Amino acid sequence: QIILEATGHNYVDGTCTECGEVGYTYDGVDTYTVYTADGLFAVAELVNGGENSINITLAADIVLNENLADKVKVAEDGTVSADDSVRKWTPMEGEYSGTFDGGNHTITGLYCAYNGYSNTGLIGTLAEGATVKNVKIHDFCLESGGGAVVGYNQGEVSGCSISGTGILGWTTNYQNVGGVVGNNEGTVKDC
């Protein structure tokens with residue numbers, strides 16, 4: 001059971017028990033197919049809860065935040081903040097070791113909150129042998145170092161792209177910052 005208090009949804013097996021919205025489906029083996037922003041947040045909570053080897057496939061374009069650049073402020077010292085309407089993303093952490101297939105769908109308005117270290121992005125750390133492919137990010141903001149798709153890559157990132165506005169925050173920590181990938185020790189191709 002996944003409860004997303006900010007949205008009022010209570011997901012059990014990918015379906016909200018309050019309104020019936022289907023955020024994702026599960027094949028019963030290891031793959032979650034995501035249809036909505038709430039579904040993506042719910043699946044990320046599974047990964048951050050320790051299920052970091054699951055496979056994730058996007059089946060639709062996902063809008064996390066519309067008009068993100070209008071809702072973000074950059075201070076003189078380079079730090080960024082967002083107004084209260086912005087849904088902040090906590091990167092999938094713990095060395096994600098599955099396959100994330102974006103299906104050439106676009107995630108719009110990704111605002112990555114500072115997570116205590118500089119590997120921010122849709123996925124914080126991609127483990128050796130893991131894959132992220134065919135993900136498009138349109139309009140993003142990273143509160144600290146990283147990359148829009150993967151903060152720290154030890155696996156393979158392929159066929160990914162970014163577009164629109166990218167806002168990169170600044171902290172005093174040492175950081176690696178990139179567009180698609182922040183720090184790479186794996187393979188990046190066709191991005």
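## Surface and burial

In this predicted model, the chain exposes about 8500 Å², of which carbon and sulfur atoms supply 43%. Buried residues account for 50% of the 191 residues.

## Secondary structure and contacts

The chain contains one helix and 18 strands. Of the contacts between residues at least 6 apart in sequence, 72% join residues at least 24 apart.

## Salt bridges

Three salt bridges are found in a search of the whole structure. One of them pairs Asp-38 with Arg-87, with 2.8 Å between the closest N and O atoms. This pair links distant parts of the chain, 49 residues apart: Asp-38 belongs to helix α1 (residues 37-48), whereas Arg-87 lies in the loop between β9 (80-82) and β10 (88-89). Asp-38 counts as buried because its relative accessibility, 8%, is under 20%. Arg-87, at 23%, counts as partly exposed.

A salt bridge also joins Lys-88 and Glu-143, whose closest N and O atoms are 3.8 Å apart. Here strand β10, which holds Lys-88, is linked to the loop between β13 (131-142) and β14 (150-153), which holds Glu-143; the two residues are 55 residues apart. Lys-88 is partly exposed at 41% relative accessibility, while Glu-143 is buried at 15%.

Lys-189 and Glu-156 form a salt bridge through their side chains, at 3.5 Å from N to O. Because Lys-189 lies in strand β18 (residues 187-189) and Glu-156 in strand β15 (residues 156-158), the pair ties together parts that are 33 residues apart in sequence. Lys-189 is partly exposed, with a relative accessible area of 39%; Glu-156 is partly exposed as well, at 27%.

Definitions and conventions. Residues numbered from 1 in each chain as written. Predicted model: local features only at pLDDT ≥ 70, side-chain atom pairs only at ≥ 80, totals over all residues. Heavy atoms only, no water. Helix = DSSP H or I, 4+ residues; strand = E, 2+ residues; numbered from the N terminus. Buried < 20%, exposed > 50% of the residue type's maximum accessible area, 1.4 Å probe, protein only. Contact = heavy atoms within 4.5 Å. Areas by Shrake-Rupley, 256 points an atom, 1.4 Å probe, with all protein chains shown as cover. Salt bridge = Lys/Arg side-chain N within 4 Å of Asp/Glu carboxyl O.
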